[in-house]
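Subject: Structure handover

Hello,

Here is the structure for your files. Please look it over, then read the notes below.

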Amino acid sequence: MKIVTGLLGACLLLTACSQPRPSAPPTVTVTAPLTTASAVDPATLAWMDGFCAAVHGYRTRTNEEAAPGTSVPKSVAEAQKGLSEQLGGIADRAGEAVDRLAALPPAPVPLAETVRKAFAGKYATARDRARDAKTALDRAQPGDVASQDPAMKAVQQAQQDVDGTYDPVEPLAKSPELLTAAASAPGCKI
């Protein structure tokens, strides 16, 4: 035992006294993510991509159409025309979102179906409200001042109807499966 201990000590001493070796490059350990796009169920990924694309499509189009550049109306008739266009835009955008949500395949989990129906219901309410207000405004006589107030209220109410529909992922946060799919879905990236 003394010989083994002595030899071990001599080896350590020789190692410590020898010339230093060139240092090896540092080792970097990369941990693979817990989930990857290939680990996500393709049907769930496709559903989540379509859902996010429908919601972001509405938001993006709303922002584009609300861009400045419209002139101040010079008459009540011009104001009516502008309100009619605004209501038409809301009806078209919301209708497109309803159609895209309806075209989705069956939801992968019950929570997703509940959220899809809730969003589709909000967009449908906004679409119908804006469409009906546009129809009433378009039937009014040009220059009818009284026709503007209900149209303006309809614009505000339609915007409130879609309140809470701008983030497609947050209401699905209770489902790890959907969150994982959202992280990989192109339509969920803004």
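**The cysteine pair**

Cys 52 and Cys 188 are both buried (buried means under 20% relative accessible area, exposed over 50%, partly exposed in between, with a 1.4 Å probe and protein chains only). This is a predicted model, in which local features need pLDDT of at least 70, side-chain atom pairs count only at pLDDT 80 or more, and totals for chains, interfaces and linings use all residues. Residues are numbered from 1 along each chain as its sequence is written, and side-chain values use heavy atoms, with hydrogens and water left out.

The two cysteines form a disulfide, with 2.0 Å between their sulfur atoms. The criterion is a pair of cysteine sulfur atoms within 2.5 Å. By that rule the count is one disulfide. The link of Cys 52 and Cys 188 is right-handed, with 80 degrees about the S-S bond. Cys 52 lies in helix H2 and Cys 188 in the segment after helix H6 (176–184), so the pair ties together parts 136 residues apart in sequence.

**Overall layout**

The protein chain has six helices and zero strands. Both are DSSP runs, numbered from the N terminus: helices are H or I with at least four residues, strands E with at least two. The pattern along the sequence is α-α-α-α-α-α. Of the 190 residues in the protein chain, 32% are buried. Take the contacts (heavy atoms within 4.5 Å) with a separation of 6 or more: residues 24 or more positions apart account for 88% of them.

**Leu 45**

Leu 45 sits in helix H2 (residues 42–65). Its C-alpha atom is 8.5 Å from that of Thr 180, 135 residues apart along the chain. Leaving out residues up to four places away in sequence, Leu 45 touches Val 40, Ala 181, Ser 184 and Ala 185.

**H3 against H5**

How do helix H3 and helix H5 pack? H3 (residues 76–102) and H5 (residues 148–161) pack at an angle of about 25 degrees, with axes 10 Å apart. Axes are lines fitted to C-alpha atoms, for helices over the stretch in contact, and angles run from 0 to 180 degrees between N-to-C directions. H3 and H5 are therefore roughly parallel to each other (angles under 35 degrees). H3 contributes Val 76, Ala 79, Gln 80, Leu 83, Gln 86, Leu 87 and Ile 90 to the contact, and H5 contributes Gln 148, Ala 151, Met 152, Ala 154, Val 155 and Ala 158.

Best wishes

How values were computed. Parallel < 35°, antiparallel > 145°, perpendicular 65-115°, else oblique.
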